Amino acid sequence: MKAVAQLWLLPSRQMPLLGVVAHLAWLTALACLIGITPRAEGASIGAGVLAMGSWFWHLGLASTLRGACQPESFLLPAFRRHLAVFGLVDATIWVGLPVVVALAFGVPHALLGGTLLLLAAAMGFAMGVERWISLLFWPLLVLAGWMPGLMVAIVHDALASPMTLPLLLLVAALLLRLALHPMLRINDRPPDTSPLEGLSLGRGATSDNVPRRSALGRRFEGWFDAIAQQSMERALARYRERPGTRRRRVLLRRLLLPHDNPVAIALRVAIMALFATLYVVVALHRQHFNATVVGAYAVLIALARFPQVGRGMQRMRPNLADLYLTMAPGTRSQYQQALADALLVLVPIGTLTALAYTALGIVLIRAAQPGLMLLVTLIVATGGGLVSLAVHLIGPQGAVGRQVVNAVVLMGTVAMYWAGVWAVDTLGHVAGGGLLALVVLGFGLGVWFAAQREYLRRDPCFDAPLS
């Protein structure tokens with residue numbers, strides 16, 4: 001049972017907050033079932049809390065087990081048997097025990113509630129292994145938003161139908177089949193990719209947590225990799241034709257940031273625009289919200305690129321030794337300066353991306369103040385990008401420290417966005433925008449120059465990061 005216990009502790013060790021919240025939800029659900037009367041009301045509240053906790057727990061559990069189920073792991077003694085025993089223990093705790101308690105208290109529809117708990121766990125686990133499975137539930141969400149009365153009628157009829165329980169069990173079994181088949185399949189490792197690539201398709205994970213990619217994801221990857229290869233070949237040919245400082249910097253950027261060339265950026269924005277358009281047209285056509293929130297969301301999307309800098313540069317340290325020898329800089333600070341200059345291009349890329357997403361949102365929701373949104377997004381995305389690049393370039397080496405720093409930067413950026421919206425709306429585009437630019441860009445440039453001085457002062461490190 002030691003191996004089973006280690007598998008149980010695996011998600012809590014990698015994501016302590018998830019372990020605490022999920023198990024608190026489990027205890028809260030049992031407390032609601034036991035302490036609240038009438039029992040049916042307590043059971044309904046507890047079932048909702050337990051289903052939410054189970055979904056989050058199994059989502060995190062799937063991501064950690066997916067990393068543990070590497071080809072070499074199956075060489076361990078009785079690895080598959082330990083996984084099966086762990087699955088039975090997990091199902092007993094999250095589904096079996098609550099159902100037994102509900103039956104003991106005479107709660108109506110206890111078996112149906114247990115089946116729904118099993119379905120919630122299977123959904124979370126399947127989405128953690130295969131992200132595309134979440135798209136299968138979009139039609140239900142769209143139907144609930146378009147015709148809520150029909151959904152209520154379907155649920156009412158399903159409660160009275162004897163086929164509901166076996167159908168839910170069948171759906172849960174199919175979800176588990178979709179999740180377990182790729183996770184337990186033994187394949188060769190895919191070729192390594194750049195830790196600084198900009199796909200956001202899950203390929204930036206560490207080597208011991210290789211994700212399983214869907215067919216659509218592999219198709220997108222093929223497009224971006226082909227574009228990156230062509231862009232790298234063009235940059236190399238131009239540098240060989242006429243060597244120079246500017247073309248050398250471009251060549252270095254194509255090497256470190258393979259998916260941040262103009263064609264790849266345009267394709268990435270176009271794909272994101274397509275999915276955003278479908279979401280707004282299908283899911284939000286009847287909802288009304290403050291249009292300026294689109295700019296804040298666009299800025300957050302643009303800043304999501306920068307945490308990869310610190311994490312990716314740390315993973316690339318052994319490979320950067322070859323780059324150092326190839327560049328043969330006169331001093332170490334020249335090498336550090338070349339890397340900082342190459343990574344600085346992420347700031348205008350992030351700003352242009354945020355502006356593109358904001359403009360798309362303005363068109364889709366027909367915003368009343370497009371000039372205000374674009375101006376504030378331009379200033380805040382630029383300042384936020386400078387700060388985010390700076391803190392991730394020289395910031396903490398540990399995962400927890402990076403997450404804390406990133407959370408502080410995101411909260412500060414969102415606060416400055418809404419402060420900028422208020423300033424421009426109150427003082428006007430010239431005075432409000434000028435004040436916002438003075439504060440945000442002044443702070444961002446100050447942080448970046450200070451971080452750059454610190455980065456140039458440091459010696460290059462080529463040691464493999466501690467796991």
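## Basis

This is a predicted model, in which local features need pLDDT of at least 70, side-chain atom pairs count only at pLDDT 80 or more, and totals for chains, interfaces and linings use all residues. Residues are numbered from 1 along each chain as its sequence is written, and side-chain values use heavy atoms, with hydrogens and water left out.

## Aromatic pairs

There are nine aromatic pairs in the structure. Rings of Phe, Tyr and Trp (its six-membered ring) pair if their centres lie within 6.5 Å; planes under 30 degrees apart count as stacked, over 60 as edge-to-face and the rest as tilted. The ring centres of Trp8 and Trp57 are 5.3 Å apart with planes at 45°, so this pair is tilted. Trp8 lies in helix α1 (residues 2-14) and Trp57 in helix α3 (residues 39-68), 49 residues apart. Helices are DSSP runs (H or I, at least four residues), numbered from the N terminus.

Trp8, at 17% relative accessibility, is buried, and Trp57, at 0%, is buried. Buried means under 20% relative accessible area, exposed over 50%, partly exposed in between (1.4 Å probe, protein chains only). Ring pairs join Trp8, Trp57, Phe86 and Trp94 into a cluster.

## Helices α15 and α19

Helix α15 (residues 332-343) packs against helix α19 (residues 429-457) at an angle of about 145°, with the axes 9 Å apart. Axes are lines fitted to C-alpha atoms, for helices over the stretch in contact, and angles run from 0 to 180 degrees between N-to-C directions.

In contact (heavy atoms within 4.5 Å), the α15 residues include Ser333 and Leu339, and those of α19 include Trp448 and Tyr455.

How values were computed
Helices (H or I, at least four residues) and strands (E, at least two) are DSSP runs, numbered from the N terminus.
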